[in-house]
Every structure is written in structure tokens, then in C-alpha cells.
Amino acid sequence: MSSDTASSGTAGRRRPKTMRVVRRAVRLALLLAMAVVVAFPIYITLVNSLLSPHQIGARPPTLFPTHPQWGSFATAFSQAHMGIYLRNSAIVTVIITSAQLVTSILAGYAFAFVRFPFQRTIFMICLATLMVPMEATIIPNYKTIEAFGWLNSFPALVVPFLATGLGAFLFRQSFLGLPRDLRDAATLDGYGHLRFLVRVVLPLNRPVIAAFGIFAFLGAWNQYLWPLIVTQTNSVRTVQIGLRQLSATNFNQINVVFAGTLLAALPIFVLLLVFQKQLVRGLTAGAVKG
Amino acid sequence: MHSRRLSRVVREAGVGYLFVLPAVTVFAIFVFYPLVKTAYLGFFATPPTPNLPARYVGLSQYRSVLASADLRASLWRTVQFVLYTVPGGLVLGLALAILANQRMAGIRIFRTIFSSTVATSTAVASVIFFTLLDPQVGLLSYWLGQRGGGGVLQSSSLALPAVSIVTIWQNIGFTFILMSAALQAVPDDLLEAARIDGAASWTRFRRIILPLLSPMIFFAVIIGVIGGFQAFGQIDILTQGGPNHHTLVLIYDLYQQAFQYNNAGAAAVLSVTLFCILLILTFVQFWYFQRRVFYVQ
């Protein structure tokens with residue numbers, strides 16, 4: 001308890017003990033209050049998903065489920081199609097994330113280790129894509145997808161996002177941080193570019209790869225506007241758009257809406273708990289772009 | 001001898017082009033072509049019936065849309081939304097980060113709770129609050145004394161603040177993570193030194209912590225502003241631009257013009273407007289980022 005003031009050495013500046021206890025109590029009370037405020041929406045969603053629609057509408061409200069009814073989750077998963085939506089999101093997200101990793105690593109490597117004419121110009125072009133938000137190009141992109149005959153299909157959800165300027169930029173920066181002698185030594189050993197990339201560069205850049213991977217995953221999973229306009233049937237709708245359908249059409253089964261919402265958030269919750277460190281790094285790396 | 005060196009240079013260049021080709025192809029088809037095409041579409045007025053050809057009108061459509069009271073109103077709503085969400089979210093996120101930045105049993109639980117909303121997408125957050133704010137069954141409506149009444153999201157004065165609060169809640173985990181990361185980078189001995197010098201905690205915060213946090217705060221502000229101009233899902237789920245256009249922000253206006261009213265011409269002008277605004281914001285961000293990376297480090 002007294003260690004933080006004891007280190008100051010001068011007894012005169014020591015605060016009275018009661019004062020410190022009060023401060024601690026205030027801090028703890030604030031922490032608890034804020035935790036309740038932040039966690040309440042998710043907590044009440046969980047509670048309501050375990051109640052019957054009748055109980056949810058009852059007043060005073062039930063804040064703790066004494067007889068939880070887990071059936072709403074099964075209903076949400078099968079009858080309300082959340083299972084299909086989750087599967088679609090998983091497919092779309094995994095493809096986008098892996099493709100962005102591959103295209104970004106290749107481009108970043110070319111900018112850092114290969115010499116070719118107009119290298120700088122092409123790099124600037126990649127960088128310039130960071131300034132074009134997807135929302136500003138949505139009308140022609142919709143028409144392009146329509147012309148390809150891809151409306152309401154997985155290619156429509158995936159193909160426009162197979163590459164990202166942010167990834168190429170991040171990997172170039174990270175690769176440039178490697179010592180130049182590394183490439184010279186590898187060349188002497190007879191390593192070509194691909195072997196050098198796979199055997200030397202990638203293992204040395206695991207943290208950046210993980211951070212960017214998480215960032216790309218979250219971005220793909222959370223997409224809303226584009227999937228909304230290019231999907232029309234449940235067979236290809238992603239979970240975000242499925243959730244919109246669910247809340248718009250199943251309001252008489254409101255416990256199912258709550259259960260579906262939790263199912264939609266669950267994969268990212270798990271990801272958050274497992275990859276906490278990489279997530280923080282990925283989000284702060286993304287802070288560069290926004 | 002000479003030709004062998006040449007062929008090596010050519011092969012090297014070939015590898016370079018091969019490696020950038022996938023990314024550049026995607027950018028050409030889905031970023032640069034549509035960007036030019038959007039600006040071009042702005043020169044054509046969309047016909048009233050779908051099968052007629054679009055009519056070339058030169059700059060007049062740009063002029064009429066940019067000068068319209070509708071655009072001014074939707075821009076102002078967007079600015080209001082940004083002014084509600086960015087400072088509020090930042091202060092709250094910073095306060096949580098400072099509260100949670102102490103050695104204490106169980107502090108990890110608080111950290112996990114505060115960062116938990118990162119897991120909620122815009123759609124998840126919006127659907128949660130849509131049901132909680134429902135005038136018939138919503139718990140928040142009941143507590144706010146609105147049960148059976150008009151409802152918060154149906155009120156012309158409360159709808160935009162409500163959408164903003166949902167946005168702040170959804171983003172609080174992200175802001176908390178950013179601010180905590182910055183706060184943990186403040187060296188402990190710096191704080192310790194200030195404590196020995198007898199600096200009161202408010203002075204310590206203002207003179208030491210805040211200046212050290214300022215780069216991250218700047219990032220959070222810029223991301224928040226850019227994100228604010230792109231905020232779409234919460235409007236779509238909570239209010240659809242209503243009631244009576246009171247939450248019709250620029251991007252929702254664009255979406256409705258393009259995909260509900262089939263007015264591609266007007267929507268294209270709105271797209272160009274949005275692009276220019278975000279371009280300026282991104283330039284500010286780049287400028288700051290470059291300065292920080294190359295001059296401070």
C-alpha cells in the first residue's frame with residue numbers, strides 16, 4: 001500500500017493514509033461504474049436472448065434470467081439463417097484476408113528488394129489508393145460487377161478487395177528495415193527472390209504479418225455498405241447484412257434477434273481473447289491509414 | 001558478357017512487375033477506373049425512366065447539386081455527427097485508459113471489458129440499440145420514460161444524438177486500446193520524477209502525459225473524423241436517414257440517390273464531394289504522419 005509514496009523519501013510530502021484510501025475507493029467506484037456502462041448493452045443482450053419474448057416485454061424488466069432458455073440460439077442459427085450468414089462471412093473474410101496478405105507481401109517485397117523501371121511511380125500509385133475511399137467509387141464498381149455477371153455472388157464480395165495499398169505500404173516499410181547485407185549474402189548462396197522471400201524475409205516479419213492479418217480480417221468481417229448493395233439472397237449474405245435482415249423481419253421473436261446478434265459478435269470476441277496482443281498491434285498499425 | 005548482364009536486368013524487372021501485377025490490376029479495375037468514371041458520370045443527367053440514355057449536361061449538374069440546400073443540410077448533419085462522436089469518444093476513451101492504467105488486482109478484467117466493444121461491428125451495435133430503443137419493447141425506452149411514446153429514434157431532435165451515442169459506444173473499445181497503448185509507452189520514471197518533484201496529478205497529466213499522448217490523440221481524431229464521414233451502417237439500421245431527413249448524412253444521401261432513387265448522376269456528384277473531403281483529411285493525416293516519422297524519430 002505505502003510503496004508508491006515511500007519511494008519519494010521525503011516524509012513531509014507523504015499524503016495522509018486515509019486520503020489515499022479514499023482516492024483508491026473513488027477510482028475503484030469509477031472503474032466499476034464505467035465497466036457497467038460499457039458492458040451493459042452486451043449483458044442485457046445475453047439476458048434477453050435467454051428470455052421468452054413475453055418476459056422481455058414484461059415490466060419491471062428481468063435483469064437476470066432465472067430459467068434461461070437456450071433454444072433461441074438454435075432458432076437463430078437455423079431458422080433465422082445465422083448459420084449460413086456466418087459461413088458466408090467466414091468464406092469471404094478468409095479469402096480476402098489471405099489474398100490481401102499474398103498480394104501485399106509480393107508488392108511490398110518488389111518495392112523493397114527488386115529493381116525495375118518506374119518502381120517509384122508504381123509505389124506512389126499504390127500509395128494513392130489509400131486516398132480513395134470505397135464509398136466514393138461505389139456506383140461504377142456496382143456497374144462493373146453487374147457487367148461481369150457477378151451480382152449476388154461470392155466473387156462480388158471478394159474480388160474488389162483482393163489487394164490493398166495499405167498492406168503494400170506497411171510491408172515495404174517493414175522489409176526496408178531488414179539489413180541490406182542479408183539480400184547480398186542470400187544472393188551469394190544462390191537464393192532467388194522467391195526463396196529469399198519465403199525462407200528469410202517472411203520468418204523475420206511474423207509480427208507485422210500477424211498484425212496486418214488481424215487488421216485485414218476485422219475490416220473484411222465488418223464490411224457493411226458493399227455487401228448490402230451486391231447481395232440479394234440469404235445464400236450469399238454476410239453476417240452483418242444477415243443481422244440487418246434478422247432485426248427487420250423477426251421482431252415478433254425478439255429473443256431470437258438478441259441471440260442472433262450475439263452469434264454475429266461471437267467469432268470476433270473469441271479472436272479478441274486469443275489474439276489480444278496482435279489485435280492491439282494491428283489496430284494501431286491501421287491507425288496509420290484509418 | 002554484355003548480353004548476359006542485360007538479360008539479368010530484364011529478368012529482375014520481370015520479377016518486379018510480376019510481384020506488383022496482382023495488386024496493380026485490382027487497383028486499376030476497382031479504384032482508379034471507377035474514380036475517373038464517377039467524376040465522368042457527374043456530367044450526365046440520369047433520365048427519369050431507366051431505358052433512356054443519360055443526357056450530357058456538362059457542369060450544370062455539379063453546379064446544381066453543389067449549390068443545393070439539400071447538400072448543405074446533409075453536410076451540416078455529417079459535421080454535427082462528427083462533432084458529437086469524435087470529442088465525446090476521445091475524452092471517454094482517454095478517461096477509461098487512465099483509469100485502467102494502474103496496478104491493481106483484477107485490472108485485467110476491466111481492461112478486457114473496456115476493449116470488448118472492438119468485437120462489436122457496426123451492425124451488431126446498431127441492432128442491439130435498435131431493439132433497446134424500440135418504443136414498444138425496448139428497455140432503454142422504458143427507462144427513459146418513452147415507453148409507448150414517440151421513441152428516441154423517431155424524434156427529430158433526439159435521433160442524431162442517439163445514433164452518435166451508439167457510435168461512441170461501438171468505438172469506445174478501439175479508442176481505449178489506442179489510448180492505453182500510448183499511455184503504456186509513457187516511461188514510468190518520468191511519472192515517478194514528476195511525483196518526487198511534488199507535481200500534483202492534474203499538472204502531471206497536463207504537462208507530461210498529454211503532450212506525450214498528443215500524436216496518438218491526433219491519430220484518433222483524424223480516424224474518427226474520416227470514420228464519421230463514412231459512417232453508414234448505424235444510420236441504415238437505426239433510422240434510414242429519418243425521421244424526416246434528420247439523420248440524412250452525406251453518405252446516406254449518396255446511397256439513397258444511387259440505389260433507391262436510381263439517380264446515378266446526382267449520386268456521382270455526391271461521391272466526388274465525399275472524395276474531396278476525405279482526400280483533404282487524408283492529406284492532413286499523411287502530412288502529420290510523415291513529419292512524425294522522419295523528424296521526431
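I take domain bounds from an automatic or database domain assignment. For chain B that assignment gives domain 1 (2-41) and domain 2 (69-296). I looked up their C-alpha centres: domain 1 of chain B and domain 2 of chain B lie 37 Å apart.

**Ground rules.** This is a predicted model, so local features need pLDDT of at least 70 and side-chain atom pairs count only at pLDDT 80 or more, while totals for chains, interfaces and linings use all residues. Residues are numbered from 1 along each chain as its sequence is written, and chains are lettered from A and ligands numbered from 1 in the order in which they are written.

**Confidence, chain A.** I checked pLDDT, the predictor's confidence in each residue, from 0 to 100. Chain A averages 88. In chain A, 92% of the residues score at least 70. Residues 1-12 of chain A stay under 50. I take two residues as in contact if their C-beta atoms, placed from the backbone, lie within 7 Å. For residues 1-12 of chain A the model has five contacts beyond four places in sequence.

**Chain A against chain B.** The contact takes 71 residues from chain A and 76 residues from chain B. Helix α1 (residues 2-41) of chain B gives the largest share of the chain B side, 21 residues. My helices (H or I, at least four residues) and strands (E, at least two) are DSSP runs, numbered from the N terminus. By class, the chain B side has 58 nonpolar, 15 polar and three charged residues. I count Ala, Val, Leu, Ile, Met, Phe, Trp, Tyr, Cys and Pro as nonpolar, Asp, Glu, Lys and Arg as charged, and the others, Gly among them, as polar.

**Domains of chain A.** Chain A is divided into domain 1 (3-75) and domain 2 (80-286). Their C-alpha centres lie 35 Å apart. Domain 1 of chain A gives 11 residues to the contact and domain 2 of chain A gives 10 residues. On the domain 1 side, α2 (17-49), α3 (53-57) and α4 (71-77) of chain A each give two or more residues.

**α2(A) on α4(B).** I then followed α2(A) to helix α4 (residues 107-115) of chain B. The two pack at an angle of about 35°, with their axes 9 Å apart. Axes are lines fitted to C-alpha atoms, for helices over the stretch in contact, and angles run from 0 to 180 degrees between N-to-C directions. This crossing is left-handed (near helix turned anticlockwise from the far one by less than a right angle; right-handed if clockwise). A:L31, A:A35, A:V38 and A:A39 meet B:F110, B:I113 and B:F114. The contact has seven nonpolar, no polar and no charged residues.

**α5(A) on α12(A).** Helix α5 (residues 82-113) and helix α12 (residues 206-222) of chain A cross at roughly 140°, and their axes come within 9 Å. α5(A) and α12(A) are therefore oblique to each other (under 35 degrees is roughly parallel, over 145 roughly antiparallel, 65 to 115 roughly perpendicular, the rest oblique). The crossing is right-handed. Residues of α5(A) here include A:V92, A:I96 and A:L101, and those of α12(A) include A:F212, A:F217 and A:W221.
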